[in-house]
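Biologist: Could you walk me through this model, starting with the terms you use for packing?

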Amino acid sequence: MNAAHTPATHTPAAQTPAANGMKDMIACQTRISSIVDDRLAYAGYDISELMENNASFEEVIYLLWNLHLPTQVELNHFVRELRANYEISDAVEQCILIQSRRHLHPMSVLRSTVSLLGVYNVRAEDTSVDARYDQSIQLMAKMPTIIATFARLRRGLVPLAPRTDLSFAANFLYMLTGHEPTALEEEAMNKALILHADHELNASTFAARVCASTLSDIYSCVTTAIGTLKGPLHGGANERVFEMLTEIRERVDAGGSVSDYLGQKLSSEEKIMGFGHRVYKTRDPREQYLRAMAEELTTGTENAVWYELSREIEDYMKNTKGLIPNVDFYSATVYHTLGIDRDIFTLIFAMSRVSGWIAHIQEQQKHNKLIRPRSQYVGLSGLTYEAVGRR
Ligand SMILES: CC(=O)SCCNC(=O)CCNC(=O)[C@H](O)C(C)(C)COP(=O)(O)OP(=O)(O)OC[C@H]1O[C@@H](n2cnc3c(N)ncnc32)[C@H](O)[C@@H]1OP(=O)(O)O
Ligand SMILES: O=C([O-])CC(=O)C(=O)O
């Protein structure tokens with residue numbers, strides 16, 4: 001090294017150092033969802049309103065996209081549009097088949113297949129209001145079909161055609177498992193979809209908005225968001241929660257305990273998946289509904305063990321670290337009980353969150369300003385170039 005480590009002189013003055021992951025920084029304005037005092041609301045409706053009055057996921061998509069709940073006529077029309085777009089083309093199915101033969105992570109398959117939807121849509125670059133709405137409906141409607149098609153093909157099963165007489169939630173479970181869900185299973189899936197639909201400026205939504213702010217197309221924005229959701233510190237945590245539950249169960253069966261397992265992980269400074277949150281401090285308001293669903297779905301069944309272990313983990317984490325379970329913790333048991341493979345969990349999150357991503361992409365582009373913050377340079381400066389042979 002031939003220069004002193006001199007502080008950079010060209011960084012913007014009075015900037016908060018970004019070393020804390022932009023914690024608590026306001027990066028945009030939105031009308032889509034809010035988190036205030038550990039309460040989550042969609043366009044002004046607290047999620048408890050939607051949960052306790054049995055809203056449908058279709059109504060919630062409409063709410064996020066239009067900022068008001070639909071009338072019956074509006075809802076009927078919207079549901080018809082969604083159902084008319086459930087099917088995927090043979091070309092897309094062939095691409096899923098090719099990907100299902102490799103040992104790819106399902107989130108990578110979803111990311112690539114959403115990108116392919118753009119490749120096969122001849123109007124993908126059309127930015128008229130009309131074309132964008134059509135792209136949004138198509139993306140929303142085809143996500144369940146892509147996921148169920150992949151999940152069946154990789155098991156060597158024939159994909160099932162979507163059922164336009166079923167709700168969004170029930171149609172997905174039908175395409176995945178091959179049988180119509182019970183009323184309780186449909187309700188659980190519908191509620192899980194609503195609870196995951198939007199969440200202010202989480203990492204994947206922020207990524208989608210950054211992409212949207214360059215005026216890129218919706219397929220690029222959603223692909224960006226899927227890649228961001230995949231990580232274990234974000235949506236990818238739900239898959240790891242079930243992995244942990246499985247490990248703990250084996251440990252307990254072999255005579256160990258939940259507290260030994262967690263104590264060891266914590267003392268080696270490992271994160272416990274499904275706990276902690278960047279914004280919520282006292283509770284994640286979605287968790288209570290997922291916990292109640294996990295209990296209802298598992299009581300008296302062979303799956304009760306997952307719920308019981310989860311309660312024990314929750315108590316330990318609260319008592320020893322003061323950490324709260326987040327949305328990913330109990331959703332793992334709910335999804336497992338609904339017959340969903342562990343590595344598909346995060347795709348269910350994406351199938352719901354795409355409704356929020358699309359709302360944010362549209363909002364960003366409606367009042368657009370390129371998102372381009374600054375970084376604080378903390379490296380060396382003033383170095384002199386030396387020919388390669390002299391270094
Ligand atoms: C849908 C979602 O994206 S919800 C989040 C899903 N992600 C997870 O469940 C992964 C596990 N959780 C985490 O990694 C974190 O809690 C995050 C990423 C969600 C939030 O992170 P941050 O806001 O940056 O908090 P940070 O990681 O700084 O944690 C603060 C303190 O709590 C501890 N902590 C936070 N979460 C956990 C956890 N899950 N397990 C153990 N310790 C934890 C940290 O070690 C840190 O302790 P320290 O102050 O002694 O160093
Ligand atoms: O908001 C966040 O940081 C993560 C989260 O809970 C979500 O995306 O649902």
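Modeller: Two residues are in contact if their C-beta atoms, placed from the backbone, lie within 7 Å, and helices (H or I, at least four residues) and strands (E, at least two) are DSSP runs numbered from the N terminus. This is a predicted model, in which local features need pLDDT of at least 70 and side-chain atom pairs count only at pLDDT 80 or more, whereas totals for chains, interfaces and linings use all residues. Residues are numbered from 1 along each chain as its sequence is written, while chains are lettered from A and ligands numbered from 1 in the order in which they are written.

Biologist: OK, what do the buried residues of helix 8 pack against?

Modeller: They pack against helix 1 (47-52), helix 2 (57-66), helix 7 (168-177), helix 13 (287-298), helix 15 (327-337) and helix 16 (345-366). A residue is buried if 20 or more other C-beta atoms lie within 10 Å of its own, exposed if 12 or fewer, and partly exposed in between, with C-beta atoms placed from the backbone.

Biologist: And why is helix 8 largely enclosed?

Modeller: Because ten of its 13 residues are buried, helix 8 is largely enclosed by the rest of the structure; among them are Glu185, Glu186 and Lys191, as well as Met189 and Leu193.

Biologist: How is the chain divided into domains?

Modeller: Domain 1 takes 40-231 + 345-366 and domain 2 takes 237-337, with bounds that come from an automatic or database domain assignment. Their C-alpha centres lie 27 Å apart, and 13 residues of domain 1 are in contact with 15 residues of domain 2.

Biologist: Which element gives the largest share of the domain 1 side?

Modeller: Helix 8 does, with five residues on the side of domain 1 that touches domain 2. By class, that side has ten nonpolar, two polar and one charged residues, where Ala, Val, Leu, Ile, Met, Phe, Trp, Tyr, Cys and Pro count as nonpolar, Asp, Glu, Lys and Arg as charged, and the others, Gly among them, as polar.

Biologist: Switching topic, how do strand 1 and strand 2 run?

Modeller: Strand 1 (residues 33-36) and strand 2 (residues 39-42) run antiparallel and are joined by four bridges, and two strands pair if DSSP finds at least two bridges between them. Val36 has Arg39 in strand 2 as its bridge partner, and in this hairpin, with two residues between the strands, Asp37 takes a positive phi near 50°.

Biologist: Last one, how many helices and strands are there in the chain?

Modeller: The secondary structure comes to 16 helices and three strands, and buried residues make up 41% of the 391 residues.
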